[in-house]
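The following exercises are to be worked with the sequence and the structure in view. Each task is followed by a solution in steps.

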Amino acid sequence: MSNVSSQKRQHFKGAEVSCSVKYFLFGFNIIFWGVLSNMASITDLGGFDPVWLFIVVGGVMFILGFAGCIGALRENTLLLKFFSVFLGLIFFLELTAGILAFVFKDWIKDQLNFFINNNVKAYRDDIDLQNLIDFTQEYWSCCGAHGPNDWNLNIYFNCTEFNPSRERCGVPFSCCVKDPAEDVLNTQCGYDVRLQGELDQQKYIHTKGCVGQFERWLQDNLIIVAGIFVGIALLQIFGICLAQNLVSDVKAVKANW
């Protein structure tokens, strides 16, 4: 009788849930949760209400975080399988989006142009959107989608003779070429600048469009961008493997009960 009990104990000890895998998966979900939270900071998308984007991203964040964390801590195979399948679905969608973006790159370029011009129109309507456009123009040293004249789409900056705005025929300060000698930002540096010829404009503002500058930036940083996407993909695959490993451990332990 004692030999049978000893064999059962030895058999049970042979299959156990790995604590390192369990808590590693929990930690993975905390990191993944944080990455998705940062995605919710994306603002206006050409007329699409950012509230809905926040709700969708927040929902995905909550579902994945809940399934992964609770599934790992409680060793719940149903939640772990759900987490694994959901993460696999996101990976598949990202892969599909990447392929489509490569195949329809001209369409993507047109959409980027539409996105920037739409937001140029609404520049003064949303402070978050305004900050995003200013950051984009400063970071890529650009102005408008294709050039400074795109700011004619905005009611405050257009050059029509009926425009009473002081910013008429101007551009936002983020289009201005920064003077290294100036410590204080001159927010009026773009006033009346489009009343001058193109060669004179180049002395004061960036005359290249943001679409072209973005394409150049993408070409110059293609390896880094590709590396980031590959890193995210490997992280997701790693999470799926962790979840499947934990499911196998839990099933092995249950099989010995």
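**Exercise 1: Annotated spans**

The unreviewed UniProt entry places the feature "transmembrane region" at residues 21-40, 52-73, 85-104 and 222-247; positions follow the numbering used here, feature names are shortened, and annotations may be inferred rather than shown by experiment. The model is predicted, so local features need pLDDT of at least 70 and side-chain atom pairs count only at pLDDT 80 or more, while totals for chains, interfaces and linings use all residues. Residues are numbered from 1 along each chain as its sequence is written, and side-chain values use heavy atoms, with hydrogens and water left out.

Task: Determine the helix and strand content of residues 85-104 and of residues 222-247.

Solution. Step one: residues 85-104 are 95% helix and 0% strand, with end C-alpha atoms 28 Å apart. Step two: residues 222-247 are 100% helix and 0% strand, and their end C-alpha atoms lie 38 Å apart. Helices (H or I, at least four residues) and strands (E, at least two) are DSSP runs, numbered from the N terminus.

**Exercise 2: The chain as a whole**

Task: State how many helices and strands the chain has, and what percentage of its residues is buried.

Solution. Step one: there are nine helices and zero strands. Step two: of the 257 residues, 34% count as buried, that is, under 20% relative accessible area, with exposed over 50% and partly exposed in between (1.4 Å probe, protein chains only).

**Exercise 3: Helix α4**

Task: Compare the span of α4 with the expected one, and identify buried residues in this helix.

Solution. Step one: α4 (residues 77-103) has 27 residues and reaches 39 Å from its first C-alpha to its last, close to the 39 Å expected at 1.5 Å a residue; the expected span is 1.5 Å times one less than the number of residues. Step two: the buried residues of α4 include Leu80, Phe83, Phe86, Leu87 and Ile90.

**Exercise 4: α5 against α8**

Task: Describe how the axes of α5 and α8 cross, and name the residues in contact.

Solution. Step one: the axes of α5 (residues 105-121) and α8 (residues 210-220) come within 10 Å and cross at roughly 130°. Step two: the contact (heavy atoms within 4.5 Å) is made by Lys109, Leu112, Asn113 and Ile116 of α5 and Cys210, Val211, Phe214 and Glu215 of α8.

**Exercise 5: Positive phi**

Task: Locate cysteine 169 and aspartate 192, and decide whether each counts as buried or partly exposed.

Solution. Step one: cysteine 169, with phi near 60°, is found in the loop between α6 (127-139) and α7 (198-201); at 2% relative accessibility, cysteine 169 counts as buried. Step two: aspartate 192 has a positive phi of about 60° and is found in the loop between α6 and α7; at 27% relative accessibility, aspartate 192 counts as partly exposed.

Notes
Axes fitted to C-alpha atoms, helices over the stretch in contact; angles between N-to-C directions.
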